Amino acid sequence: MKENEKRALELKIKLDDIFKQHDERTKYILSHPELIDKVNYRKRSENSLVKKNGIKKPICKDGILLRGKCEYKGDHWTRNSNGHEIVDYLNSLFRVLVVTKDSNEDVEENEDTTNRGVEWDIKTETLRSNKSEEICINNSFAKNYISIICIFMLYRSHSENEILEVLADIDKCWSIWDNAPIARINLKKQPGNGSINDSLLSSYISLYGEILQKQIELINPTVIINSAGKPGMNFFKKIYKDLKCIDKNYGNGRDKWIYIDKIKKLVIIDIYHFSYRGWELNDQSLFKELLHRLIYTSMDINKLLM
């Protein structure tokens, strides 16, 4: 077996083991209710409280995305493995990790999902609509996710006008996303609803933080795109002690989007959530803002990763 294939197999085994560790941690939390009491301490809002039924939900798998053939099975699109996506990811200069909040399975925090079968594997995602076999991408989250990946993949080699033209064609965007070496994880592994309170997400990160950190270290990204808000950035600041903002002097200096860790050779792009409506303004202002900030910091990023 070639050395890179051996590394990929070893990584797959370790990443698969992460979800066993999540299950074990869940059992431990449920047998030590004081852990839940601790993260709920002083919380006044009902929506911010961790519930036992929330903890009991099945762990949703995620990681390095599969890049094989897309198929419509039953009532949904799914993707198969091409057999070498982990090798491709390991060999890529830009190993992109997309970090999101939770898996939207339309279940409430206190809902008993024992017989619902709500777990799914993000690695099989296609971002296509599951309403029919027709190939269609109309979900705001998916469109913005794809577009942001395109901006990062293109900004070093294409002009602003060329990139904006690509963003106007969702099929071209999807093709770029479809071939990019991407990993994606949800910080809250248990399924949730359309949105999650920041305080609640922070509690889950606190309860499962050690295992989340192991997963991120195994994925070993060179670029993290954080779409998990303040809870995500606060978590990364604990993991990466040498993070430094490199666009703090851009524009009016009030917003901070791009950070680097020179020791870990890592870039973190802290952006609005993919479902945020501001991405969809007709003037493409937020997409342009991201592009301009990447160009502004490109020298620092290139020194770090090239």
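Predicted model: local features only at pLDDT ≥ 70, side-chain atom pairs only at ≥ 80, totals over all residues.
Figure 1. Strand β6 comprises residues 223-226, and both of its faces are covered. V223 and I225 lie on one side, I224 and N226 on the other, and all of these are buried. In a regular strand the side chains alternate between the two faces of the sheet.

Figure 2. One of the residues to look for here is D261, whose bridge partner in β9 is L266.

**Figure 3. L97 in strand β4.** L97 is found in strand β4. Is L97 buried or exposed? L97 is buried, because its relative accessible area is 0%, where under 20% counts as buried. Apart from neighbours within four places in sequence, L97 contacts A183, R184 and I185, along with I216, I219, P221, V223, I224 and I225. The C-alpha atoms of L97 and I64 are 8.3 Å apart, although 33 residues separate the two along the chain.

**Figure 4. Packing of helix α1 against helix α8.** Two packed helices are described by the angle between their axes and the distance between the axes. For α1 (residues 3-31) and α8 (residues 198-219), the angle is about 175 degrees and the axes are 10 Å apart. The two helices are therefore roughly antiparallel, as angles over 145 degrees count as such. From α1, the contact takes in L11, K14, L15, I18, F19, Q21, H22, R25, T26 and I29. These meet L207, Y208, I211, K214, Q215, L218 and I219 in α8. By class, the contact of α1 with α8 has 10 nonpolar, 4 polar and 3 charged residues.

**Figure 5. Helix α1 and the elements that cover it.** Helix α1 has 29 residues. From its first C-alpha to its last, α1 reaches 42 Å, close to the 42 Å expected at 1.5 Å a residue. Which residues of α1 are buried? They are A8, L11, L15, I18, F19, Q21, H22, T26 and I29. An α-helix has 3.6 residues a turn, so residues three or four places apart point the same way. The cover over the buried residues of α1 includes helices α2 (34-40), α3 (52-56), α4 (85-91) and α8, together with strands β1 and β5.

**Figure 6. L30 in helix α1.** L30 is located in helix α1. L30 is partly exposed, because its relative accessible area is 25%. Not counting residues up to four places away in sequence, L30 touches K52, I55 and K56. The C-alpha atoms of L30 and F274 are separated by 32 Å, with the two residues 244 apart along the chain.

**Figure 7. S203 in helix α8.** S203 is placed in helix α8. S203 is buried, because its relative accessible area is 4%. Leaving aside its neighbours within four places in sequence, S203 is in contact with V39, K43 and V50.

Figure 8. T126 lies in the loop between β4 and α5 (140-154). T126 is buried, with a relative accessible area of 3%. Beyond its neighbours within four places in sequence, T126 contacts C70, W77, T78, R79, W174 and W177. D106 also lies in the loop between β4 and α5. D106 is exposed, because its relative accessible area is 53%. Its backbone has a positive phi of about 60 degrees although D106 is not a glycine. Q284 is found in the loop between β9 and α10 (285-296). Phi of Q284 is near 55 degrees, a positive value in a residue other than glycine.

Notes
Residues numbered from 1 in each chain as written. Heavy atoms only, no water. Axes fitted to C-alpha atoms, helices over the stretch in contact; angles between N-to-C directions. Helix = DSSP H or I, 4+ residues; strand = E, 2+ residues; numbered from the N terminus. Parallel < 35°, antiparallel > 145°, perpendicular 65-115°, else oblique. Contact = heavy atoms within 4.5 Å. Nonpolar A, V, L, I, M, F, W, Y, C, P; charged D, E, K, R; others polar. Buried < 20%, exposed > 50% of the residue type's maximum accessible area, 1.4 Å probe, protein only. Pairing = 2+ DSSP bridges. Expected span 1.5 Å × (residues − 1).
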